[in-house]
Amino acid sequence: MDSVQDENGHLFGNGDDEVVELTGLDTNGNCANNNGVFTLTQGVPDTGQDEDDASLLYCRYERLDVKDFHCEVRGSRDVEQALNYSVVLLDHNANNLSQVVGSMLENLVQGNPDSELNAEAAKMDIFTNTSDSIARRTIQGTVSSDQMRGLDYDQAWVCVMGELATLHHRHVAFARLSNPVNLGVTCQEARFVILVVGPSKEKATKSTMETGRTFSSLFTDMSFRHSLLSETTKDGFRTKLRDRARQMAKEQGNPDFRKSSKLLTYSVFDEDKNKPKPRCPIGQGMLGDLRRRLPHYLSDFKDGIFGPKTLQKVPAATFFVYFACVLPNLAFGMLNSNNTNGAIGIKKILFSQMFGGVLFALFGGQPLIIFLTTSPLALFTKIIYNISQEYDLDFQALFTCVGLWNSGFLILYSLCGLSKFMKWSSRSTEDIFSLFISCAFSIDAIRDCLADFSTNYHAKACYSGSNTTNPLNASVSSGLFTTAHSYLVLNETGNGTDGTSAPPGQLDNPCMRESSLLFLLLMLTTVWLGLTLFNFTKTPYLTSGKREILADYALPLAVLIVSFFGSFVFKDVQMKPFKYDPDETMFEVSNVTSLPVAAVFAAGGLGFFLSLLFFMAQNIVSSLVNRDSNKLKKGAAYHWDMFVVAIINAILSIFAFPWVHAALPHSPLHVRALADVEERVEQGDVQQVIIHVRETRLSGIISHVLIGLSMFMLPVPLTFVPRAVLDGLFLYVAFKALYGNQLFERVLLFFTEQAAYPPNHYIRRVPQRKIHLFTGIQIVQLLVLCAFGFSPIPYMKMVFPVLLMFLIPIRHKLVPKLIEPKYLKALDGR
């Protein structure tokens with residue numbers, strides 16, 4: 001057999017046995033950006049050297065179009081005709097491809113006694129001469145993109161083909177494996193095997209290759225394959241295949257879908273060059289958002305009720321949002337109460353959360369975004385209170401004025417479409433901000449634990465021999481009760497009830513070392529139990545359905561279980577409860593007219609800085625939620641969401657309620673809670689890929705209604721949640737947010753053996769020193785944010801949103817001078 005190597009290093013030749021591999025093209029003849037189709041035909045020539053086990057395997061690769069069911073008539077006919085006599089094996093147990101194919105052939109013979117099909121002859125044709133584990137001809141999906149600069153195999157399914165001269169009809173069989181099976185290097189986690197056996201002499205449109213291409217095209221969609229996993233009957237399996245073929249025919253008949261992507265999610269940053277520019281650009285971005293999202297408004301509710309596993313996922317996401325928001329609200333309520341001398345407390349925080357969350361879930365463009373009052377907002381509240389005290393101004397009036405200025409600026413941003421500037425925001429900026437928030441949660445939890453040890457474990461009474469354990473000592477400062485996931489404003493020294501710092505000598509704290517040890521135990525147990533349950537799907541215990549339920553309810557179960565142990569099992573250990581004011585005034589309209597003119601304009605300056613924080617936080621969170629990897633299909637609404645945020649906070653400001661905006665990492669975690677995920681294995685590296693997300697408004701509405709009802713749960717039963725559990729929840733949220741953070745993954749490479757590097761695309765495309773250089777630049781930017789964000793000087797923290805905005809020009813102007821653009825495209829691609 002003669003052979004020659006082309007300029008790309010591929011081996012070609014001629015001979016009786018050959019290997020052909022074909023990958024998918026889009027309808028324009030270009031390499032597809034979605035799942036394509038991959039065909040492999042294998043054979044081994046007989047060298048005549050029986051004493052030698054060595055052999056040669058000849059391979060050749062081609063590309064194959066995804067079947068166009070709208071234009072190619074044989075596509076729909078093949079599906080209808082072949083499925084009538086097909087064999088379906090559900091939850092089949094097998095360890096290798098030979099066993100799977102053997103069982104499928106036996107069932108084909110048994111189902112057609114009069115058939116000319118010979119199982120042994122077919123098996124000999126399907127596999128190579130010297131091995132029954134390597135198939136001669138297979139079709140497999142691939143993913144091709146400019147970012148990857150190559151092809152990645154879709155390892156969840158494979159189509160095997162065989163031809164016999166004695167056959168007169170085609171035979172098709174499907175096997176759904178009970179567990180993922182390693183069928184080879186390019187198919188390490190197969191769940192579906194398709195077998196097509198036909199005559200060797202047949203029309204080109206009816207060949208085994210074309211038949212295999214037909215059914216392979218159906219399996220390129222991940223969501224469809226995921227739906228097949230839950231099918232319990234063979235007839236239902238066949239019905240779904242028919243429905244999928246009809247759906248593809250309908251989609252491919254629409255010009256909008258005659259591209260490589262099945263469902264395009266149009267970005268608000270994309271401009272249609274064919275449309276004339278409007279005479280007045282004011283508000284055009286908001287109108288575009290409404291045109292994009294309004295057609296899906298009713299489906300936003302139906303998608304939360306109907307669909308596979310929806311009734312399991314939506315309640316789980318609802319309870320996740322409830323626990324992930326209500327507990328930080330308790331912490332921020334105590335913090336704001338201390339900072340404002342009781343003007344803003346827990347009840348107002350809970351109402352703001354309920355009001356803002358429900359309104360945004362009803363009227364927001366992207367309902368998967370979760371609102372929360374955050375630590376920077378608590379900082380601005382404290383600064384406003386200090387200014388009001390220093391200049392003898394009405395705090396609530398000044399707070400309202402700043403909030404109204406902030407809302408005015410946000411309305412201006414949304415009308416002018418300033419969110420389009422976020423098209424320059426790259427993954428680098430998002431990862432830095434996300435990791436900063438994770439660090440903030442972790443630092444606050446550790447700081448709060450250290451403060452508890454300093455107060456109770458290392459109290460003077462523990463060293464003076466006066467081992468009193470009175471937990472209600474009147475001299476204990478209320479600042480010691482403060483807990484917040486604040487990376488900016490946690491007060492460690494303790495504040496008196498009047499808001500002033502109490503000198504350390506006046507803090508006559510009792511010695512309660514057992515309280516500090518229990519605090520540490522409950523905090524670590526909460527984060528350990530939550531992460532263990534969240535990762536329970538990776539264990540072999542229980543059934544897959546029960547493991548998934550435990551993972552979905554990981555956070556609520558961890559909080560309830562640890563709170564029960566802390567409040568009842570260890571009830572003899574006295575711990576300080578959080579502070580709560582039952583007489584907190586509500587719905588009191590602020591008297592803005594009492595402010596002098598100078599104070600109104602000064603409030604405008606504070607409102608401008610506050611609007612920058614809202615602008616960056618809202619848009620970064622929106623960008624993280626609408627990432628392509630989340631596979632959302634209804635589109636984003638950056639401008640409209642900004643407008644809704646402005647209206648919500650304007651209403652809250654009138655009554656001096658705390659402000660709210662999009663929260664990290666709660667919003668991306670809410671998306672994850674509503675998603676179906678699938679594990680992918682590539683060269684031993686396991687990654688979880690989102691297949692489908694239920695884009696519904698119900699989880700946000702119901703969870704925030706429950707948060708509003710929590711106002712009637714004060715002080716009981718919310719007081720049974722120990723402060724340590726709050727800190728454990730902060731750690732849990734911080735650690736869970738690290739999943740998928742590419743910056744954190746590259747930081748770990750500093751401590752990872754090179755041979756153990758994961759097979760990520762940037763590992764294959766970018767030199768190692770460039771990877772570490774880019775990671776080091778990001779770390780420096782993160783440290784600068786931390787220096788200002790954790791600064792003990794309050795007014796330095798006001799610069800934080802400005803620094804956050806500077807990350808964008810740094811990425812596009814300075815970083816390209818150090819790292820080549822072709823490497824940045826791989827390192828910083830979405």
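User: Why is Cys416 called partly exposed?

Analyst: Cys416 has a relative accessible area of 40%. Buried means under 20%, exposed over 50% and partly exposed in between, with a 1.4 Å probe and protein chains only; Cys416 is therefore partly exposed. This is a predicted model, in which local features need pLDDT of at least 70 and side-chain atom pairs count only at pLDDT 80 or more, while totals for chains, interfaces and linings use all residues. Residues are numbered from 1 along each chain as its sequence is written, and side-chain values use heavy atoms, leaving out hydrogens and water.

User: What makes Cys449 count as buried?

Analyst: Its relative accessibility is 7%, so Cys449 counts as buried.

User: How many disulfides does the structure hold?

Analyst: A disulfide is a pair of cysteine sulfur atoms within 2.5 Å, and the structure holds zero.

User: Why is Ser590 called buried, and which residues is Ser590 in contact with?

Analyst: Ser590 has 10% relative accessibility and therefore counts as buried. Leaving aside neighbours within four places in sequence, its contacts (heavy atoms within 4.5 Å) include Gln396, Thr400 and Phe655.

User: Why are α9 and α17 called oblique to each other?

Analyst: The axes of α9 (residues 310–339) and α17 come within 8 Å and cross at roughly 50°. Angles under 35 degrees count as roughly parallel, over 145 as roughly antiparallel, 65 to 115 as roughly perpendicular and the rest as oblique, so α9 and α17 are oblique.

Terms used
Axes are lines fitted to C-alpha atoms, for helices over the stretch in contact, and angles run from 0 to 180 degrees between N-to-C directions. Helices (H or I, at least four residues) and strands (E, at least two) are DSSP runs, numbered from the N terminus.
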